[in-house]
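I opened the notebook to record what I looked up in this structure. The entries follow in the order in which I made them.

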Amino acid sequence: MFKKIIKGNKKTPKSDSHDPSPYGPPGGRNSGAVSANVVVNHASRAGPTASGANNSVVVVGLNPALPPSGSIEPLPLFRDVPVSERQTLFLRKLQVCCFHFDFSDTLKSPREKEIKRQTLLELVDFIQSGSGKITETCQEEMIKMVSVNIFRCLPPACHENTGQENADPEEEELYLEPSWPHLQLVYELLLRYIVSSDTDTKVAKKYIDHSFVLKLLDLFDSEDPREREYLKNILHRIYGKFMVHRPFIRKAINNIFYRFIYETERHSGVAELLEILGSIINGFALPMKEEHKLFLVRALIPLHKPKPIAVYHQQLSYCITQFVEKDYKLADTVIRGLLKYWPVTNCQKEVLFLGELEEVLEATQAAEFQRCMVPLFRQIARCLNSSHFQVAERALFLWNNEHIVSLIAQNRNVILPIIFEALENNISTHWNQAVHGLTVNVRKMFMEMDAELFEECQRQHAEREARTKEVEEQREMTWKKLADAAGEDMITA
């Protein structure tokens with residue numbers, strides 16, 4: 001109940017799951033009414049009670065004055081006016097769309113809200129239809145209108161309200177932006193403008209500049225997945241269309257990751273940003289620039305460290321694998337990076353790491369494999385003996401991959417002695433029958449691979465067991481002598 005009071009209406013209408021947008025389900029962590037000159041700043045989020053939230057209509061942007069009646073009137077349709085007047089009508093419609101409404105109360109200004117929604121739909125259709133190339137002035141005012149609507153302080157996240165720093169992001173209650181009926185159409189308008197063949201990048205880059213891109217990136221921390229989906233598509237299109245912004249976008253994403261890894265471990269849009277990067281990495285030219293390799297080492301590999309990795313691991317794993325497939329020499333760097341951040345007590349995270357490791361090994365060549373196989377199989381041996389059956393089982397599944405088995409077979413003289421003891425321990429002591437059966441199969445595979453080596457490892461293992469037993473017996477005898485001596489002293493005293 002406390003969360004609901006703090007966050008406002010979070011109830012998810014069933015109809016939202018059937019979003020008609022072709023770009024997937026978008027959404028955000030909006031406030032009801034915001035200021036025109038807000039700069040998004042994650043360090044200080046503004047809640048839904050920001051200035052002006054009690055007014056039924058808040059006017060921002062191109063025309064700061066309310067109409068005398070306190071309401072807005074519908075404008076004629078584009079098709080109902082001469083072609084020569086459409087640019088002027090376009091500007092007037094942009095003015096209407098700069099009005100902000102309080103969505104915390106559905107009974108406030110329903111007529112005005114519907115007028116704005118219909119006006120936004122008309123603007124989207126006008127841009128999409130390509131019925132006329134809009135002037136530079138119209139483009140400038142349109143980006144201003146978009147900025148007024150989408151750039152705002154995001155409400156406090158759930159953990160910020162409750163103080164639960166260690167709460168699982170996957171278990172947090174989903175927040176959906178109340179003003180989404182308007183916000184979605186603003187995003188759709190921006191997306192259609194960017195992808196339109198009529199949009200001249202030389203003109204558009206004056207308004208979609210570095211400042212605009214930075215504010216767009218700040219919005220990726222929105223809790224609403226629908227909004228993040230739109231932001232992902234829009235930023236990806238900007239990256240593709242505006243080549244001049246590419247280095248800046250990569251650097252800005254870098255900075256978001258650094259702050260997430262080393263400061264907050266809290267960000268809603270890491271998965272979406274990684275999706276964009278997966279596509280970007282796929283387009284990297286060869287030989288790969290040093291800048292891109294540094295990005296892998298300094299940002300992508302350390303992203304394995306934060307606790308909420310499960311939220312974005314699929315996208316991260318894809319990016320990492322893309323690097324190895326692009327440049328096979330990076331396999332050693334990636335595998336050693338995984339080993340550096342390998343979880344010690346988090347079993348579910350270990351399962352994710354083992355899955356990613358298999359994908360990386362599948363793209364690894366023999367020379368790179370040999371560089372890292374000793375520390376790698378020491379870690380795999382520890383996983384084989386894990387009391388958590390899913391970890392042990394996932395580690396044993398590596399032997400189902402033909403490429404990995406071929407790499408192991410080529411280097412069996414080094415690998416079998418490392419993992420032999422782990423295999424024997426599983427057979428003799430592991431509680432899970434599935435793990436026991438898989439271990440028997442792997443042991444049999446090694447026996448058929450090289451019987452002589454297997455017998456040598458078996459002999460050495462037996463010798464180690466005998467020595468261990470002998471040391472244990474000596475320890476027990478020593479303790480018995482000490483106990484007897486202490487008993488005699490007590491009798492004598």
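Which residues of helix H17 (residues 389-396) are buried? I found Val391, Ala392, Arg394, Ala395 and Leu396 on that list. Buried means under 20% relative accessible area, exposed means over 50%, and partly exposed lies in between (1.4 Å probe, protein chains only). Among what covers the buried residues of H17 are H15, helix H16 (366-384) and helix H20 (433-449). Contact here means heavy atoms within 4.5 Å.

I noted the ground rules next. This is a predicted model, in which local features need pLDDT of at least 70 and side-chain atom pairs count only at pLDDT 80 or more, while totals for chains, interfaces and linings use all residues. Residues are numbered from 1 along each chain as its sequence is written, and side-chain values use heavy atoms, with hydrogens and water left out.

Entry on the whole chain. I read 21 helices and two strands in the protein chain. Helices (H or I, at least four residues) and strands (E, at least two) are DSSP runs, numbered from the N terminus. Of the 493 residues in the protein chain, 49% are buried. Among contacts between residues at least 6 apart in sequence, 78% join residues at least 24 apart.

Entry on the core. The largest nonpolar core has 131 residues, and Phe90, Phe257, Leu274, Leu300, Phe377 and Trp399 touch the most other members. Helix H6 (residues 180-195) gives the most to this core, with ten residues. Such a core is a set of buried Ala, Val, Leu, Ile, Met, Phe, Trp, Tyr and Cys residues joined through side-chain atoms within 4.5 Å. In soluble globular proteins, nonpolar side chains tend to be buried together. I then followed leucine 274: leaving aside neighbours within four places in sequence, its contacts are Phe257, Leu300, Leu303, Tyr312, Gln315, Leu316 and Cys319.

Entry on a helix pair. The axes of helix H13 (residues 313-326) and helix H15 (residues 347-362) come within 9 Å and cross at roughly 25 degrees. The two are therefore roughly parallel to each other; angles under 35 degrees count as roughly parallel, over 145 as roughly antiparallel, 65 to 115 as roughly perpendicular and the rest as oblique. On the H13 side, I listed His313, Ser317, Ile320, Thr321 and Val324, and on the H15 side Leu352, Glu356, Glu359 and Val360.

Entry on a second pair. Helix H9 (residues 225-241) and helix H10 (residues 246-264) have axes that come within 9 Å and cross at roughly 140 degrees. That makes H9 oblique to H10. Leu235, Ile238, Tyr239 and Gly240 in H9 meet Arg246, Ile249, Arg250 and Ile253 in H10.

Entry on the loop between H15 and H16. Threonine 364 lies there, and at 1% relative accessibility it counts as buried. Not counting residues up to four places away in sequence, threonine 364 touches Ala331, Ile335, Phe369, His403 and Leu407. Aspartate 332 is 32 residues from threonine 364 in sequence and 8.3 Å from it in space, C-alpha to C-alpha.

Entry on backbone details. Leucine 286 and proline 287 are joined by a cis peptide bond, with omega about -5 degrees. Serine 109 is not a glycine, yet has a positive phi of about 50 degrees. Serine 109 is buried, at a relative accessible area of 12%. Glutamate 265, in the loop between H10 and H11, has a positive phi near 55 degrees. At 25% relative accessibility, glutamate 265 counts as partly exposed.

Definitions and conventions. Axes are lines fitted to C-alpha atoms, for helices over the stretch in contact, and angles run from 0 to 180 degrees between N-to-C directions.
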